[in-house]
Every structure is written in C-alpha cells, then in structure tokens.
Amino acid sequence: MNNLLDLPLPISVSEEDQPKPRTLEDLLAHLQERTDLSDENKARYASAIKRAGFIRNKPLSSIQASLDLVEITFPLDGFDPSRWATPEAYRQFRRRLQAALKDFLGVYKALEEARAQQDGWYHLLDALDCHAPDIPELDAYRKTNFVAVRSLADFMRTENVQPQAITGDIANRLYLKCPTRMRDSYRRAMAFLDKLREYDFARPHLPLGSIDFSASRLRQQQEPIPPHWQEDFEAIYAVLADEDFDPIDKEFAGRSPETQTLFNSTMNSITRTYLNVHPETDTSQPWDLIFTRGDVITEMCNLMVARCQLPAGDNRKIQPRTARKYLNKYKRVLHELDADPNALKEFTKALKNNPILIEGKDAEEEMAEANKRFCENLFESTPLTKRFFNSPFAFQDAAMEMETVASAQGRPLTKNELVTYRWLGTCAAFCAIEIGGAPIRCENAMGLTLHGTDAHIMMPKSKKDPIKLRIPPGKVKNKKGIKVEIHPGKQDYLGVLNWYLETIRPLYQHAANNPYFFPAPESATKPMDESYFSERYSLYTRTVLNLPMTPQQMRHGQASLLLRAHPEKIVVIAKRLGDTVNTVLTYYAWIEEVEQMQAGQELIAEMIDE
C-alpha cells in the first residue's frame, strides 16, 4: 500500500481524449462539404491535395494540415521540371493547396475579422485610398508599394503591432519573423511608410520618428564579424598558403580561387555560428585567442553538427557534407595555430566516429543528391535535355524578344527591362562557354580576363577564326591549365559570345575599363561575384528555360549525359572536364551503377522468358 506521504500519481489522459491533429484527409473531407465552390473548383483543389500526398509519398491521413507544408515542402521557388511542365503550373498547384489550407485552418476568416477592425492600419489605408489619388507623384508607387503596405498591415495585425508603434527595433525583429516570400514586400512597405511621413494626410497615422529600416544593415548586425578579424583571416590564409607563394609574382601560384573561397566560407561560417550562440563574446580580442581555446573547439564541433539536424526550411541548416568540409578546414587552421592538443584529439575522434560527420565524408566522395537528381531528370526527359543543350540560344532569343516587343511599341527598354535584358545576355554567354567550349567551374568563368596579352579569353579578329580560352594552372582547382577553342559551326556559340560582347557587356557600368569578361555590375576592377551570378543564373534558368539549375549543375549535367551516352570515351570526357579519369570514375560512378542494375533486371527477364 502506498505511503500516505507519497504524492498522487499524475492522471493520465487516454489517447482518445487527446486532440488529434487535423490532416490532409480531413482537409479533403472539409473541401467536399463546402458550398461556396463549384464542383469544377472542388475537383481542382482536391487534385492539388491528392498530388501533395503523392509527392510526399504518404497517405493523406498521415500528413498534417499545416501551412508549413506549403512553405517547406513546396516553397515559392520549388519548381521541379520532372513533376511540372512549367513554373506557372507549379505555382498554380501551390496556390490551390495553400488556398484550401487557409480556408480549412480559418486563416481567411481571421484575416477578414482583422481587416474589419477600425484600428491604426484601417485608418492609414483609408487615408491612403482617399488622399493619394490627388497627389500625382504617388502614382509611381501605386502598383507595388500600396499593395506592399496592405500586405504589411495583414502581417502586423497578427503580431498586434499598429503603424504608430513601429520602431527600427520592431521592424528588424519582425523582418526576421515574417515569411521569406514576403520580405521583398516588407522592405518596400517600410521604406514607403517613411516616404509617407512627408504628407500631412498620412503623418498622424505613422510613428513619430523615421523607421529607417535597412535589410542590408540588419544582415550586418546579425553577422557581426569585426574588420580586424577579417584581417586575421587574411593573415591565417597567407600562413596556410605560404608554401605556394611565388616571391617573384607576389602571388599564391598553386592556389585556385575555389581554395580561397572555401577558406573564406569556413572562417565566416565558423565565426558566425559561434557568435550567434555567444553574442556576448569580446570581439576586441584577436580571433585566434578565442577560437583556438579547447572549450570553443569542442563546442564548435557540436554546433556544426547541430546545424545539420535543424528542420527543413530553417535557413541555418547545413548538410553533413558542408559541415565536414568546414570542420576539416577549421582543423587545418587549428593545427597551424598550435591550438589545444587535447581538444584537437577529441576533434579528430568526432570527425572519425560521429555518424553525421561520417555521412558528410561519404557525401564528399560522390555527387551531391540534388545534383544527381538533376542529372537523372535529364536522363529521363528528352525535352529537358533539349532545353539544357539549347540554353545559350534560348537566353539569347528571350533577350532579343524583349527588344522586339519594345521596338514594336515604339519605345526603348525601361530601366528594369534593361537589367533583365543584361542578365539574359550574360546567362547566354556563360552557357555558350560551358557547352560550346568546356564546362569550366563557375569561379573560373567569372575570373576570365578579356584584356592584355595574357588574357584568358582571346576574341578572334575574323568571324572564321576560333575564340581561344586559356586558364593558367594556378587558377584551376586541380592545378591543370585549361586550353579550349570555340570554333564557328552549325551551333553558333561563337555568334552568341560576339553578340554578348557587342550588345550586352557594354551595358555594365564600367565595362570599357573592366578587364573581366563578366564584369561586376558596379566596379571597374572586379569580376562578377560568383555567388551573385549563381543566384541570378538559378532564377533565370527557372523562368526562361523552365529548367532550374545552378552553374555547377550545368557542368554535371553535360558530363553525365556524355558519360551515359559514351562511356567508352571517358578519357575524352575527363579531359573536357579538366579532371583525371579516376576522379570522373569516382564522382560519376552512380551512372554505371544505375546501368548495371538495369542490365541485371534485363538478365532476369531473359531467364524468365526462356
């Protein structure tokens, strides 16, 4: 018998009494009961719901009905050409799924009730509707900024923040909280609210002081790496690369741009990861006095592994492959700086025995899953393959179509159209080099020089002569120089590149003096930033080609297609990639594995038929 002094046991709640999460099966049932939709629209929404279940490969009854399903599984830029014919078809599927969920979860009803309240946002929007039409200078803001303010009002109401209460700190905090899809709108709205302070009709409904919101300034505040630490990074890199330093040319001859890019990424990522957890860190100290301490080394390993375990959709999440790369480079730095030996010993054990870091090591030795899926999609779809190989001309055609439309309307391209036009031409030139010349790495393409006797890319004097591409060994990852010629032919890659040089490149601000084939938009001395180009390239391959890809996938895609079609030409393909045969055999081994598995299945079928 229990002692009377024993505390009573907690009363357990049976599973039947627990509220069950609502699922897509419940959503489908709710949809059929709606009386505000036609049978045709019900069928469209139902199709989107069922397709979400098919893609998740789960019964509808086991998929929770949540808006996170759309934001994480089907993000705005999540178009997959193997599942949808066009980005428009993907967005339509996404809108239907999201609309059905919002109705089911009561989002629309809550939004309608919030908008009906005569709060600060109601009075501001009412004033805008009543008075702005009488002010011609506000007409330019009507299409985008008025809509952005309405969107901001809906979001701020969910946070119980009225327009008069917005401060810079509140704007910063809520920007980080708002959905990624509305951040462009958020930035426009905040800037427009400050603009509206100039007008008497709006001023009573706005905060007393300027909001002065800046997303770029906020990013700098979030990632506070002091300038003197950046100087420390440069000094450490110089020590690591000392054996490759050429005292005559004053250059690190054996170091490719990719080597330094990885080093910079490592140092920045390691540092920011630690500072995000320890914002109180005394950053006036030298970097090495903090990051070579035993306790910090141990914690850094734990933090990087923890980032791999974050849920999908968290922008801090990294892949095991990335964590492994960064930690290996960090370990190399620690050895050079004579860090705590006991902590280094434990660090080495973690790299050897931690399952996530072992997964990262295995992934380093083969193609990333996203790149493999991209190549498999090309294998399975002839239309995708055609779009892939035709990309230089598709981009050029899209740019020239913009010109034709503007000309037919009797006007020049607008400022925004010129930016798009320039990007289409730049993407066309990149693809022409990659397919018509050689699939060089993105950092090498961005680093191509155009001027001088030692220029990497030499344009011909005659249209009958080839373009010569020469990249010295020190600029290439595997230290092997690249020599390529792009000849005139049936596929006019040379014509695309000449068009780029004559028509597109001069649109860059300092093109006349910039020595690079792909100049930075606002610099007379620097090349196009690799990350910036990759981001824009991924955008335009999605919207123009209906085939979203990264510059790296352009390289992997054609190599995979060549290997699958001509495995006997592996020496030629390896030379084209600038890699060794062994590297190609290792990195693209999955292609042969797929072929062998299929061959095995065919053998079984033959035996059964006998």
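**Side-chain contacts in the chain**

The chain has 28 helices and five strands. The model is a predicted one. Of its 610 residues, 43% count as buried. The C-alpha trace spans about 85 × 75 × 75 Å along its principal axes.

**Ring pairs**

Aromatic side chains come first. The structure holds 30 aromatic pairs. In one of them, the ring centres of Trp84 and Tyr90 are 4.8 Å apart, and their planes meet at 70 degrees. Planes over 60 degrees apart count as edge-to-face, so the pair Trp84 and Tyr90 is given that name. Both Trp84 and Tyr90 are buried.

Tyr237 and Phe263 make another aromatic pair, with 5.1 Å from centre to centre and 50 degrees between the planes. This pair is described as tilted. Tyr237 belongs to helix H11 (residues 227-240), while Phe263 belongs to helix H12 (residues 257-277). The two residues are 26 residues apart in sequence, so their pairing ties together separate parts of the chain. Are these two residues buried or exposed? Residues under 20% relative accessible area count as buried. Tyr237 has a relative accessible area of 5%, so Tyr237 is buried. Phe263 has a relative accessibility of 2% and is therefore buried.

Ring pairs can also join into a group. Trp423, Phe430, Tyr500, Phe517, Phe518, Tyr532, Phe533, Tyr537 and Tyr540 are linked into a cluster by ring pairs.

**Charges over rings**

The charged end of Arg183 sits over the ring of Tyr175, at 4.9 Å from the ring centre. In a second case, the charged end of Arg564 sits over the ring of Phe379, 4.6 Å from its centre.

**Salt bridges**

The structure holds 23 salt bridges. One of them is between the side chains of Arg150 and Asp129, with 2.5 Å from N to O. Arg150 is in helix H7 (residues 142-158) and Asp129 is in helix H6 (residues 120-131). The two residues are 21 residues apart, and the pair links distant parts of the chain. How exposed are the two partners? Arg150 is partly exposed, with a relative accessible area of 33%. Asp129 is partly exposed at 40% relative accessibility.

Arg142 and Asp139 also meet in a salt bridge through their side chains, at 3.6 Å from N to O. Arg142 counts as partly exposed, with 32% relative accessibility. For Asp139 the relative accessible area is 42%, and this residue is partly exposed.

A further salt bridge joins the side chains of Glu346 and Lys349, at 3.7 Å from N to O. What separates these two residues along helix H16? Glu346 and Lys349 are three residues apart in helix H16 (residues 341-353), so about one helical turn separates them. Glu346 is partly exposed, with a relative accessible area of 44%. Lys349 is partly exposed at 42% relative accessibility.

**A surface patch**

The nonpolar side chains at the surface are another topic. Ile604, Met607 and Ile608 form a nonpolar patch there, with about 350 Å² of accessible area together. Ile608 is found in helix H28 (residues 589-609). Residues over 50% relative accessible area count as exposed. Ile608 has 65% relative accessibility, so Ile608 counts as exposed.

**The sheet, for context**

The strands complete the picture. Three strands form an open sheet in the order E3-E4-E5, with antiparallel pairing. Strand E3 (457-458) and strand E5 (482-486) are the edge strands, and each pairs on one side only. Strand E4 (residues 467-471) and E5 run antiparallel and are joined by five bridges. Within this pairing, Arg470 has Lys483 in E5 as its bridge partner. Strands of a sheet pair through backbone hydrogen bonds.

Technical notes. Residues are numbered from 1 along each chain as its sequence is written. This is a predicted model: local features need pLDDT of at least 70, side-chain atom pairs count only at pLDDT 80 or more; totals for chains, interfaces and linings use all residues. Side-chain values use heavy atoms; hydrogens and water are left out. Patches are made of residues with over 30% relative accessible area and no salt bridge: like charges are joined within 9 Å, nonpolar side chains (Val, Leu, Ile, Met, Phe, Trp, Tyr) within 5 Å. Accessible areas come from the Shrake-Rupley method with a 1.4 Å probe; for residues, only the protein chains shown count as cover. A salt bridge is a side-chain nitrogen of Lys or Arg within 4 Å of a carboxyl oxygen of Asp or Glu. Helices (H or I, at least four residues) and strands (E, at least two) are DSSP runs, numbered from the N terminus. Buried means under 20% relative accessible area, exposed over 50%, partly exposed in between (1.4 Å probe, protein chains only). Two strands pair if DSSP finds at least two bridges between them. Rings of Phe, Tyr and Trp (its six-membered ring) pair if their centres lie within 6.5 Å; planes under 30 degrees apart count as stacked, over 60 as edge-to-face and the rest as tilted. A charge sits over a ring if NZ of Lys or CZ of Arg is within 6 Å of the ring centre and within 35 degrees of the ring normal.
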